[in-house]
Structures are given as C-alpha cells and as structure tokens.
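User: I am new to this structure and would like to understand the terms used for it. Could you take me through them?

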Amino acid sequence: LRFRVHFESGGSLGFALSISWHSCTPVMADGIVSPLEEERSRASFLVRDLTDLLQGGRNKAERRESLRLAVEADPVFDNSDLNHLSRPHRYKRAMQKQRRLVEMAEEMNVDMLALREFVNDDLGTDLQWMMFIPNLRATFSDEQQAQWLPKALAWEVLGCYAQTELGHGSNIRALETTATYIPESDEIEVHSPTVTSTKWWPGALGKTANHAIVYARLLVSGQDLCIHNFMVPIRDMVTHQPLPGIAVGDIGPKIGYNNGDNGFCRFDRVRIPRTNMAMRHAILHPGGRYEAAKERKQASYSSMTYVRGALVMNSGQQLSKACTIAVRYSAVRRQGFTGRNDGSEMCVLDYTMQQERLLPLVATAYAFHFTGNVMQDLLQGNDVASLHLASSGLKALCTRVASDGIEACRKACGGHGYLAASGLPELLGTYLQNVTVEGENYMIAQQTARGLLKAIAAVNVVCDGKTQDRPSIGGTVQAALISAEDSASEEVSQGDASDTTYLLNAPAAAAVSCKATCSKDFLQPSLQLEAYRQRAAWLVLDTQRKLADAELEGVDSVEAWNSVCPDAIRLSDAHCMHMLVRNFHGAVRHLKAEDSALSGPLCSCCNLFALWWMRESMGEFLESGFLSSSQCSLLRQAVSGQLVAVRADAVPLVDAWDHSDKALQSAIGKYDGRVYDALFASAQANVNPMNRELVDSAFLESLKPMRMRGNG
C-alpha cells in the first residue's frame, strides 16, 4: 500500500488529510519481485479487512492512518538516529517530542493520546496520563480534583506515582515512608526514616515531575493508620529546582526504556497541608479525627489495576511487532539448498523449526488482542474485585509470554537479530520492564490464585447452605454464586457462561477427560475449551487440598501458602489460559456468525494457540487426567497441521497489525522486503557515527603507541 498525503488549511483538525490506497508491487534491487509480495499474493483474506477488525472498524482504521501519517511526517518525531544517542540526549529528545505532541494536538484539535501511539518512542511523561491522573481521579475528592486536575491536564502539574521504595516493592503494606499529622499546624510531615525508605524507580521522578503522589504510612497521635497517598510538591513550579527537604534524581541507565527518568527521592521532614492527603475514600479532619470508607483499600490499588489491564492489550501489540519483523525477515531470508539440485536456497520460513519458533507467537499476539478487548470492557465497569482477579494473573502471564516471545523472535533472526538496526534489541529491552512494573509477575499471579481459592470456598459455603459470612468476592463470581444458590440441589452446568463458571462444580469439571480418537478431534472448540477448563478446575482443587492438608498438620497460614506458591502460579496461569482460549473462540464464533472471510485464518490461529500451549503444558494435562499418553501423539499431529495452515497466511497475518516501517524501526522488518539494502545503509557514515572518520582517534591515542612499543 502507498499513501498520497495532501495537506490543506482549515477543517476541524486544522488540516485535511486525504489518503489514496494504491496497490503496488515492491521490486528488489535486481528487478525480482519481493518475496514478501509473493507471500501476500497468496493471502486467503483481505489484509485490510483484518486491520479494520483489529482497530475497531474501517472508520477508526482510516482515522488512525491519517493521524499516523501526520505524526510521522513531522521531523521532530524522526527516530533514525536513536541507536546512536547518549542517554541524556535521548531524554532531551523525548521531552522535545512530548512538547511537540501537545502542540500538534492543539493545532489539530484532537486528543493528544490519539497521536501518542505514532511517536514510536518512549516518553517519560507517559505516566502523567497512565498513572498520575487516573490515581488523582480515583482517590482524591471532588474538591481536591477541582484544585489539581485542571493543572495536571494542562501539563502545569507534572506528576509521578511514587510508591516503590528501595527496600520494598510488591509488599505495599511494608512501605516505610511516613506521613505524620502535626495538629498544631494542621500539616502532614512526610519523611524518609531509613535508606530503604527512599522512593526508588518511579517514572518521571528523576528529572521531569514537579509533584509526586507519594504512598506513605499515615501516623496520627502515634497510631499507624496504614498506607495512604499524598500529593507532595517536589520541585519549584518556576525554576524546577528541588524544594527544601527533597533529595531527588535519576537512578541511572537500565536494560531498556532509557528515555525515561526513573528516579529516587528522599524526604527530610517535608511539610504539606493536611488537605494534600487523598480524601475520596478516607478523611483526615482538622485535629486528627480519621474516618475511612470500606472501599478505601480497593480504591488505593485502582491506578495499578487500570495499568495491569492495559498491559494485556499492549502485550499483544508489542509481541506483534516482533513477529512482524521476524516473519518478514524469515520470508525474505534464504538459507540452505533445496533438494531440486538447481542451486536454489530454502526460504527460512519454510523450515518447520522456524515455523515452530514463530507461528505460535503470531497466534498468541492475536489471542492477547481479543482478551485485551474484553479487559477494556471490564475496565469500563465498576467491579473492582473481578477486574483485580482477572488483571493480576493476565498481566503476569501475558507480559511473561510476550517478553519471552520477543526474545524468541530476536533469536530466530540469527546474527542480524543481534544488531540494534533490527529493532529487536530495543523492543526487547524496553518491553522487559513490564514483567516487573505494576506488580512483579510471580507476586501478582498469586493474587489471582488467592481470588480463585476464595471463590471456590464461597461456592462450598453456598452448597452447604451457609450463606452467611460468605467471603467477599467480585461481581463476576458473585453472579455465578447467585445462580448456584437458585439451583444448589441441581447439577450445575459446566458451560462457559463466564470465566469462572467452572468453579460452581469444580469436581465435575476436573473429572472430564479427552474424548479425541484422531488428530482432527482436537480442532473442536468444545474440546479445547473443555481441556483448559478441566485443567484450571483440577489445579484449584489440588491447591485447595494441599492447603487443607497443611492446616491439618498444624502449619501456620504463611508457611502453608509459601509451600504451595509454585502451585498457585500454575493455577493462575491455567485460569488465565482458559480465559484467553475462551475469548479467542468467542471472537472467532462471532466472525463465523457474520460469515466473515476472516473466520478461516483466525480460526487456524485460534486452534494453533490453544493446541500449541496445550502441547507445551502436556505434563499438566496428563497429570490432571485430561489427556492419555496415546492422545499426546494425536495432539502433536494436530499442532503440526495448524502450523501448515497458519504458514500459508503468515505474512498477511503480521501485515494486518499495520505497523509502519517507522513504528518498527527495523532494517530487517521493512514492508518492501529490501532488508539487505536497509542493513547496509544502517552502517553508513550518515547514520553510524563510528564510520564518519576513516581513521579513529583511538588509533593515534592507543593502538599506534601500543604497536610502537618495541621500536624505540
């Protein structure tokens, strides 16, 4: 596709942008049609239709394209030299991009976030709208929001989310920063009593923010009222100098995300007004009287939960970028001679080993996308407990799989994948943070496991007729329990009414076994859903049993939980995989109902996703009793068949994500397939500063004297 861009003055956007779609056939330097175009010519579907589906419809896709072209045409957003910039220069460039982004949004009369996606670079200011403003809206009172929110939206108040400390991250209850109420002056004194209480890691804290939402222990009249959040000015609003009592700075270079100024901050008895404490769900009155609403604890985690939900969708986006680069390169790359004895070489993507490495990841990116859509809907609701149950485990699973998948794509590109010019090292280094931010994966996955165990305990209470003192759970599970109360004496259906329906009769769900007698049987959606439901039910019962056994043996609750932590992670993963498979099948089922041509290729992706990950966890499906040893070979055959099906559409499937060359920033993932020209160009002096001098000064300073040592 090529685009003709025409700018005119006027219009609601400040300009008119017309796009003309032209079919074109990229040609290699020697006049041969690009291998990628050969792949595209065999597509079983229209790529544009799948792009529209991913982006929410043709109108949204065209709107998105117009905004992208406008941003990518602006020289401020040029990223061609990023690999050669120092960290201070990258930070400075990122701030220039943020400023221009705000200006463009005003010029075009559009929401800045609609443009942000197309900057194709990390901005340390992203936390302003990802965490600072959401936390402000969720935990500060209407009166406080009237004071702070307009300033934050106008970028006058530049904020950060200061929760993590040098000594504590996931264990929020153990944070050491104190916020002591001083009744004489009606102020709160924020203090860092120890080295380990130093705020450490908050994005934008190092150099950017002038305010921080600080999480600290509220102390009133010697009483510890646990963790609350406070609006704390940290830099002068005019000079940007640190305020008295504030020691703040950047924590240094990281594996990736080095545009961002993750920072540290220590507070030396810093006084703030009492009214700077977030007071939507807890109120500290003048004189020190304190009252808290029941929902305060859940509300305090709302910003983090919001980001976890968004990370599920983002994991699909970032994994799809790596897949696009690796699949395109593998379709272009020729390696090893064919058996035709004519000197021709094999397309790397035709090697079954390369297909095993890449195609399941292509399918996984789509699975993450469709569950991301469901998470977006859940984020619009008000069921915090259900959102927490889903987002914790999904964030842990999806970010882990995506980060491992990006690295797998890099390795699959051989030596060229190790080059910064491939775009993969930067993509990987920057994405790796997601396995830790907003809750370390192996910690927050336990929250989903605890939620499932709590839910099944509530089911047991209902089935015993003891509806009083039922544990508090989310609305999704609560609705299922109401259904169970209405039919407690009847056999509960094991259908897929919701992600947690299987908990209503977990023993029955866990007792199901695979009925497949041939490999084609594994392509049945009902079998795949049954498989993932059975494993999740078996694991929740197995973990519950192990905890009960530990209790009978007199083991205290903390040690008992510690003993089952590996099982809890497996349980969380199993439940989340059940969700992913269920949501993917739901999307395909909807397409089939509409008789869409997209149902075929996406059905193949769905089958590959479900069966590949079943094969990868074959031991658990055997242990749970779902699979027999003889069915394992049938499962392998089914996976092989779906690899063939997805291989036929591999390039169109990655094209559909609509990642531009500027978004990928990859010499080997270019849309036209001219990867070798792009690689060679990336090494030239106009791009690579190492080649701007034919003889480097290091020769005269070091190499020449070293060589001349023995020559007098």
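Analyst: Here are some questions and answers on strands and helices. This is a predicted model, where local features need pLDDT of at least 70, side-chain atom pairs count only at pLDDT 80 or more, and totals for chains, interfaces and linings use all residues. Residues are numbered from 1 along each chain as its sequence is written, and side-chain values use heavy atoms, with hydrogens and water left out.

User: What makes E2 and E3 paired strands?

Analyst: Strands (E, at least two residues) and helices (H or I, at least four) are DSSP runs, numbered from the N terminus. Two strands pair if DSSP finds at least two bridges between them. E2 and E3 (residues 187–191) have 5 bridges in the antiparallel sense, so they meet that rule. Threonine 178, for one, has histidine 191 as its bridge partner. The two strands form a hairpin with 4 residues between them, and aspartate 186 in the turn has a positive phi of about 55°.

User: Which way does E2 run relative to E5?

Analyst: E2 and E5 (residues 211–220) run parallel and are joined by 3 bridges. Alanine 179 has leucine 218 as its partner there.

User: How do you know that H6 is roughly antiparallel to H7?

Analyst: Axes are lines fitted to C-alpha atoms, for helices over the stretch in contact, and angles run from 0 to 180 degrees between N-to-C directions. Angles under 35 degrees count as roughly parallel, over 145 as roughly antiparallel, 65 to 115 as roughly perpendicular and the rest as oblique. The axes of H6 (residues 127–139) and H7 (residues 142–153) come within 10 Å and cross at roughly 165°. That makes H6 roughly antiparallel to H7.

User: What makes H10 roughly perpendicular to H20?

Analyst: The axes of H10 (residues 352–380) and H20 (residues 629–648) come within 10 Å and cross at roughly 75°. By the ranges above, that makes the pair roughly perpendicular.

User: Which residues of H10 and H20 meet?

Analyst: Contact means heavy atoms within 4.5 Å. Gln355, Glu356, Leu359 and Pro360 in H10 meet Leu643, Val646 and Arg647 in H20.
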